[in-house]
Amino acid sequence: RKPTLAVVGATGAVGTVMLGILTERPDVWGEIRLVASARSAGKVLRVRGEDVVVRELTPEVFDGVDVAMFDVPDEVSAVWAPIAAERGAVAVDNSGAFRLDDEVPLVVPEVNGAAARNRPKGIIANPNCTTLTMMDALGALHEQWQLTELVVASYQAASGAGQPGVDRLYDEIAVVAGDRTLGSAAGDTAKVVSEKLGDDSPFPAHLVLNVIPVAGSLKDDGWTSEELKVRNESRKILGIPDLKVSATCVRVPVQTTHSLAVHATFARPVSVTEATAALEAAPSVEVRDDLANGVFPTPATTVGGDPTVVGRIRQALDFPNTLDLFVTGDNLRKGAALNTAQIAELVAAELTA
Ligand code: 2RA
C-alpha cells in the first residue's frame, strides 16, 4: 500500500507550491488529503492532475494518514502537529514551533537525512528558508574542510512573508510606478505608499525602492528572530554546537528567492578550485561562477528551480581558510515546500521498505 499524505495549509503560499511539487515529483503517495482552516474548507484544488476538495483541520482528518505536512503558522503547528502524531501520522512541520526541540530532528536530506529516523515525538522539523538557502552548499564544504565560523548577510524576498508579502510588494510597485522623482528625497516614497495604501503591511517599512534591515520579529539585544534562526538552526543541522555565527537579515524588493552573502571559515585550508569542485559534486547545488563572462547567481535566474545556486566564490583576502560566496535559493521550493516533500519521501520510503 502506498502511504497516505495530508497537506495541512494547502491553500497558503507554500502550500500552493507544494501542490505543484507533489505533481512533478515521483509519485510515492496513495491518497493525498488537502487540509486547511474552516475558512478554506470546501475549496477545490488540483494536485497530480486531479481535483481534490479541501477538508477542514480536525483531529479526525488525520485518521489513516501516514505522513502529515504542515505549512501553517507556528501557533497552529504547535497545537496540531502533536495531534497528527497522536493519531499515528509522522508530522513534517515547516513552522518554527519544534525546530530547536531536542526530541525533534531538523532535517535537510542532503546534509543530515539519517536524522529523520530518530523522531521520538513523531515530528520532524523543516528549517527556516533563510537557513535552508545555504545548508546544502555549506554541508558539502563542511564535510571536507570543517566549518568553524559563519558570517552571513541575507537578501530576503517578499514571499518569505507569505502571499500578503507578495501582494504588498506589487501594490507598492503599482502606486509608485510612473513617478521618477521618488527615491530622491528622504521619506518621499514612504509618504506616497502610506497615503495610497495605508500602513498595514507585513513589513516594517515600504519595500518598493528600498531595502529593510529587519526580517522577522525583534528578540533580545537587538537581534531578530530570523538572525537567531540562522545561528541556531545552522548549528543543529550541521551538528556543530559551537559554530560561531553572525547574521544580518535584510528584506529586499524581490518576489521570490532568497540570497545570502556568506563568509565561511574552515578548520583546514581550502582553495577556490577545491571548493568549486566540491560544490559542483553536491547533487542539489549548481555553480554559476564565471564573472568575466557575466555568469553569477541572481534571484531572477534562480526562482522556480530546485537547485541552490552558488557563485562569486572567492578566497577572502585577509582571512585565512575563509571563502566568500553568494548563494541563491527559491525560498518557496528548496527553502520550504521541496525540502518538506523530500523529508516526507524519506519517511514514505521507510514506511514502505
Ligand atoms: C522570511 N524566513 O523570509 C522567513 C519565512 N519563513 O520571512
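This is a predicted model: local features need pLDDT of at least 70, side-chain atom pairs count only at pLDDT 80 or more; totals for chains, interfaces and linings use all residues.
Residues are numbered from 1 along each chain as its sequence is written, and side-chain values use heavy atoms, with hydrogens and water left out.

The ligand is surrounded by Asn128, Cys129, Thr130, Gln156, Gly160, Glu226, Arg251 and His258, where a residue is near a molecule if one of its heavy atoms lies within 4 Å of it. Sorted by class, this shell holds 1 nonpolar, 5 polar and 2 charged residues; in this scheme Ala, Val, Leu, Ile, Met, Phe, Trp, Tyr, Cys and Pro count as nonpolar, Asp, Glu, Lys and Arg as charged, and the others, Gly among them, as polar. Polar contacts (pairs of N or O atoms within 3.5 Å; within protein, one atom must be able to donate a hydrogen and the other to accept it, and residues adjacent in sequence count only if both atoms are side-chain atoms) involve several members of the shell. A nitrogen atom of the ligand is 2.7 Å from an N or O atom in the side chain of Glu226, while an oxygen atom of the ligand is 2.9 Å from an N or O atom in the side chain of Gln156. In the case of Gly160, a polar backbone atom is 3.2 Å from an oxygen atom of the ligand. The ligand has 240 Å² of accessible area on its own, and the protein covers 79% of this area, as computed by the Shrake-Rupley method with a 1.4 Å probe; for residues, only the protein chains shown count as cover.

Side chains of opposite charge can pair when their charged atoms come close. A search of the whole structure finds 17 salt bridges, a salt bridge being a side-chain nitrogen of Lys or Arg within 4 Å of a carboxyl oxygen of Asp or Glu. One of these joins Glu345 to Arg25, with the closest N and O atoms 2.7 Å apart. Glu345 lies in helix α10 (residues 333-352) and Arg25 in the loop between α1 (13-24) and β2 (32-36), so this pair ties together parts that are 320 residues apart in sequence; helices (H or I, at least four residues) and strands (E, at least two) are DSSP runs, numbered from the N terminus. Glu345 is buried, with a relative accessible area of 17%, whereas Arg25 is partly exposed at 24%; buried means under 20% relative accessible area, exposed over 50%, and partly exposed in between (1.4 Å probe, protein chains only).

A salt bridge also forms between Glu233 and Arg99, whose closest N and O atoms are 3.3 Å apart. Because Glu233 lies in helix α7 (residues 225-238) and Arg99 in the loop between β7 (90-93) and α3 (109-112), the pair ties together parts that are 134 residues apart in sequence. Glu233 is buried at 3% relative accessibility, and Arg99 is buried with a relative accessible area of 5%. For Lys121 and Glu103, the closest N and O atoms of the salt bridge are 3.9 Å apart. Lys121 is in the loop between α3 and β8 (123-125) and Glu103 in the loop between β7 and α3, so the parts tied together are 18 residues apart in sequence. Lys121 is partly exposed, with a relative accessible area of 35%, and Glu103 is partly exposed at 39%. Salt bridges that share partners also join Glu24, Asp306 and Arg333 into one network.

In an unreviewed entry, UniProt places the feature "domain: Semialdehyde dehydrogenase NAD-binding" at residues 4-119; UniProt positions are given in the numbering used here, feature names are shortened, and annotations may be inferred rather than shown by experiment. The span of residues 4-119 is 25% helix and 23% strand, and its end C-alpha atoms lie 19 Å apart.

Most residues other than glycine have a negative phi, and most peptide bonds are trans. Leu209, in the loop between α6 (188-197) and α7, has a positive phi near 55° and counts as exposed at 53% relative accessibility. Asn321, in the loop between β13 (308-315) and β14 (322-329), likewise has a positive phi near 55°, and Asn321 is partly exposed with a relative accessible area of 23%.
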